[in-house]
Amino acid sequence: MSEADTLLVLDGPALLARWSARGTRHVLTPVPRGEFWRDQSGTAHFAALPGARYVLTLSASDVRPPAFAGLWPGVTLSVEAANRLGVLLAPGTNAWTAERDIVAGSVQAHDSDGAAHPVTEVAGRAVSIAPHDRPVCVSLRPRLLMMVRDWSAGLEEWDGLHPWRLVLEEV
């Protein structure tokens, strides 16, 4: 764990200081990149645009506030997300290339029973695992370049807590 008591890493001068981010809630959602529509028969369709992106919403309440005073909408941050993204590899598929940079040391693989499966190599975004005859789930923590969309910070005076919320959108 980092000095801030969370796996989450935001670049910047101590944005999440010790005692400000314990129990942080991390919600990663895709940015809508297209539109759903129905034809005359009522069949649903989706017209997708290229370039999938994420929104990361973080919230916590701890005994110290985060250091957001100079963090304005539009500021760009490098984020090592605590969230894990995963992909299921079919038997015979022993390699996968991630769409985003990978946080060092975060790649894990598990078989369908939940048992650890060997990761043989991680080189940049390329991940290789040992041969397998059952599906294997490979998961990792992504490194994302994100922009501040919004933030708020509060005070629960009686309890001595500082609730906060930070919304980031991938560049």
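Asp62 is buried, at a relative accessible area of 3% (buried is under 20%, exposed over 50% and partly exposed in between, with a 1.4 Å probe and protein chains only). This is a predicted model, in which local features need pLDDT of at least 70 and side-chain atom pairs count only at pLDDT 80 or more, while totals for chains, interfaces and linings use all residues. Residues are numbered from 1 along each chain as its sequence is written, and side-chain values use heavy atoms, with hydrogens and water left out.

Which side chain meets Asp62 in a salt bridge? Arg22 does, at 2.5 Å from N to O (a salt bridge is a side-chain nitrogen of Lys or Arg within 4 Å of a carboxyl oxygen of Asp or Glu). Arg22 sits in the loop between strand 1 and strand 2 and Asp62 in strand 5, so the pair ties together parts 40 residues apart in sequence (strands are DSSP runs of E, at least two residues, numbered from the N terminus). Arg22 counts as partly exposed, at 33% relative accessibility.

## Ser20, in the loop

Ser20 is found in the loop between strand 1 (9–10) and strand 2 (25–30), and with 0% relative accessibility it counts as buried. Its side chain reaches the backbone oxygen of Ala17 at 2.6 Å. Leaving aside neighbours within four places in sequence, Ser20 is in contact with residues including Asp62, Arg64 and Trp164 (contact means heavy atoms within 4.5 Å).

## Other salt bridges

A search of the whole structure finds 9 salt bridges. One of them joins Arg134 and Asp111 at 3.1 Å, N to O. Arg134 lies in the loop between strand 12 (126–129) and strand 13 (136–140) and Asp111 in strand 10, so this pair links parts 23 residues apart in sequence.

Asp150 and Arg165 meet at 3.9 Å, N to O. With Asp150 in strand 14 and Arg165 in strand 15, the pair ties together parts that are 15 residues apart in sequence.

## The nonpolar core

Now for the inside. The largest nonpolar core has 21 residues, of which Leu10, Val79, Trp164, Leu166 and Leu168 touch the most other members (a core is a set of buried Ala, Val, Leu, Ile, Met, Phe, Trp, Tyr and Cys residues joined through side-chain atoms within 4.5 Å). Strand 5 (54–62), strand 6 (76–80), strand 14 (142–153) and strand 15 (162–170) each give two or more residues, and strand 5 supplies the largest share, 4 residues. Apart from this core lies another, of 10 residues, among them Val107 and Leu140.

Terms used
Polar contact = N/O pair within 3.5 Å; in protein donor to acceptor, adjacent residues only side chain to side chain.
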